[in-house]
Amino acid sequence: MNTETNLGWANVIDRVRDWARQNSIWAVHFNSGSCNGCDIETLATLTPRYDVERFGIKLQGSPRHADVLLVTGPVTRQARERLIRTYEQMPEPKFVISIGSCSIAGGVFQDCYNCVGSVDQVVPVDVYVPGCPPRPEAIIDGIVQLLTELRGGKARQPKHVTAQEIPS
Amino acid sequence: MSIEERLSQAEKLLAPWNKETLHPESNRVDVVISGEDLRLAVAALQDAHWGYLSAITGMDLGVESGQLEALYHFCNGPAVTSLRVRLPRSNDISIASISDLIPPAALFERELHEMLGITITGAALSDRLFLPDDWPDDVYPMRANFTTDQAAPVQGRHADEAPEQGVVGGNTFVIPIGPQHPALKEPGHFEFTVDGEIVTAARMRLGYAHRGIEKAAESRNWYQNLYLFERVCGICSHTHSMAYCLGVEKLAQVEAPPRAQAIRELVAGLERVHSHLLWLGVAAHEAGFDTLFMYSWRDRETVMNLLEQVTGNRVNYSANLLGGVKCDITLEQAHAIKEGLNYLETRIRHYLEVVTTDAMFLSRTRNIGTITKEEAERFGLLGPTARASGLVRDVRVEAVYGSYKNFPVSAVTETNGDLEARCVVRLKELLVSCFAMRTILDNLPEGPLTARMPRKIPAGEAVARIEAPRGELFYFVKSNGGETPARVHVRTPSLCNWVSVLEKAVGRQLADVPMLLAGMDPCFSCNDRLVTVANNDQHETWSWSRLREYGIEYYKNR
């Protein structure tokens, strides 16, 4: 096979992968000190009324099986390193959705002594879903935005994988 | 016995060590004792079966006063007696442990030590429970002179080091569970030592969701705190803000109008339905019964709709205001709620049948984690976990507050004390709540929704106790007469119920642990600034004043 056809095949396989990925997002949920409001709404998104499983989205117990990390909460100091470890255990390509006001900027817990402040200070975030807590519709919208980007080939773009060091 | 009789009985019991008697509230007597006499005084109350230890509040009275104070709150029905121990404000102060007399005190004492730096002598040494592992030694966040820069992470000390794992000897292993684990929906860390399949020891580490709310409350004003405390827990947010409101209203000597109180009870009832249905789903999920999980969460959406219709929000409803409530119930809403309740009652009856007859579910719940009434009393259990063992611990019945005097509920109890009984208690309790809500809707008092509250709250102390879905919620509110509280102490019911898991897991199979955890309905967590995300790398935070101006502009131009 010459190089051109090789490239052609690689392209086809990439597109098949993209297609498959868009239709089977597996997510792992990490609570980094949230008040439970967002966690409950995240879970409600998976149950019959909203039922995101019809888009192939499934909540997974292990980060090693997951494509998407759903993070809620203002990231407490005790949860910070566990969040980094969970993120690093996920296989490439991986995406992070930060759910709720506190995960975006600390929310009501701003300036609390035990909070780092936001998820994007610890791991790179792809989609932000604001709200305290966001409605399930908003969470679905966040996921749809991610899917739209995946359709545009986001998963094939190189991105840095290490968790950022938090500025102290 | 009336409140006065109970209080005078307590005073009599404590007379030998009494240095000073205070009457901060009508239903409360405080007895000042010295640290050496603490154990004797506690034993005296316990021997006479005078109530139970509800919470231990630690306070820093300020740098000038040079004093710390520890308050041991004992509750007996509506009567509260607090033992006040005053300590000098230095770094090497200690107080005797009472955890051998009262096991749940161990966790309260841990909090006292970590937050205020009071060494507990005679307590079993344990690692940090609330603060992160990289927190510096000798820095205590609840001290008055604490600043955030004192708490810089200690280099080289890892937050959350990998737990000891692997073979301890023979067939004995340590199995770490959490904070990220399929069997846990919330962050906590447990280490179970197992011999083969049997758990031989259990240990826990909290603090993954410790945000420092009590400290933050001291720098925010009375109204801002309402929204902060609502976010202690997103599941029982209404009871948190209601307890805070009741405490502050007591201090201001304002009573919410009858209509407001009835609406508060109504929202609390709806919240209980949502919380227990949520719990039923999670418990069923842990038992591997996902069908029940999906069904109960589907039905839970009915009550979420009702909450949204009444308050405008699905979670964190902000129905409460200091001095009243924000939302009224119109005739159409009352009608919609009644219809929703009709449907929910049918479904709850159905679930009651499922949890008592389904053979698969019963094999995971019947005779598992059984707690006798005596044990429940000794462990200091609260809420449905205690009531499943036949112990009547229900603040709505024992110490009637708010509109529960007009629209009373009865305490539901079971006698078996196993996981099945806890399912049954929670579901039957919902039927009681539904009945009460219907009565409220039929007899909603007329009148205003709010009473006028002063901006500055008069100096004083108040204890507010409320029955949250998981048990008694305890708020201690102290004001120095300013625009911000001097101290707010929160003791959530889950903290008291942990003992039921840690004690009962020992001797059981590891496979039962998720169900035991789910059985007590753990809740680990137990104003805003707007963020404009420009792109992934840059975001801009708006200050409160800018947000306010933006809001005014927006409505002007609309």
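## Where two strands meet

In chain B, Ala468(B) sits opposite Gly471(B) of E15(B). Strand E15 (residues 471-479) runs antiparallel to E14(B), and nine bridges join them. (Strands are DSSP runs of E with at least two residues, helices are runs of H or I with at least four, and both are numbered from the N terminus; two strands pair if DSSP finds at least two bridges between them.)

This is a predicted model, where local features need pLDDT of at least 70, side-chain atom pairs count only at pLDDT 80 or more, and totals for chains, interfaces and linings use all residues. Residues are numbered from 1 along each chain as its sequence is written, while chains are lettered from A and ligands numbered from 1 in the order in which they are written.

## The whole sheet

Zoom out and you get an open, antiparallel sheet of three strands, ordered E14-E15-E16 (chain B). E14 (460-468) and E16 (487-491) of chain B are at the edges with a single partner strand each, so one side of each has no neighbour in the sheet.

## Two helices side by side

Elsewhere in chain B, helix H7 (residues 258-286) packs with helix H14 (residues 419-442) at about 155°, their axes 9 Å apart. (Axes are lines fitted to C-alpha atoms, for helices over the stretch in contact, and angles run from 0 to 180 degrees between N-to-C directions.) H7(B) and H14(B) are therefore roughly antiparallel; angles over 145 degrees get that label, under 35 count as roughly parallel, 65 to 115 as roughly perpendicular, and the rest as oblique.
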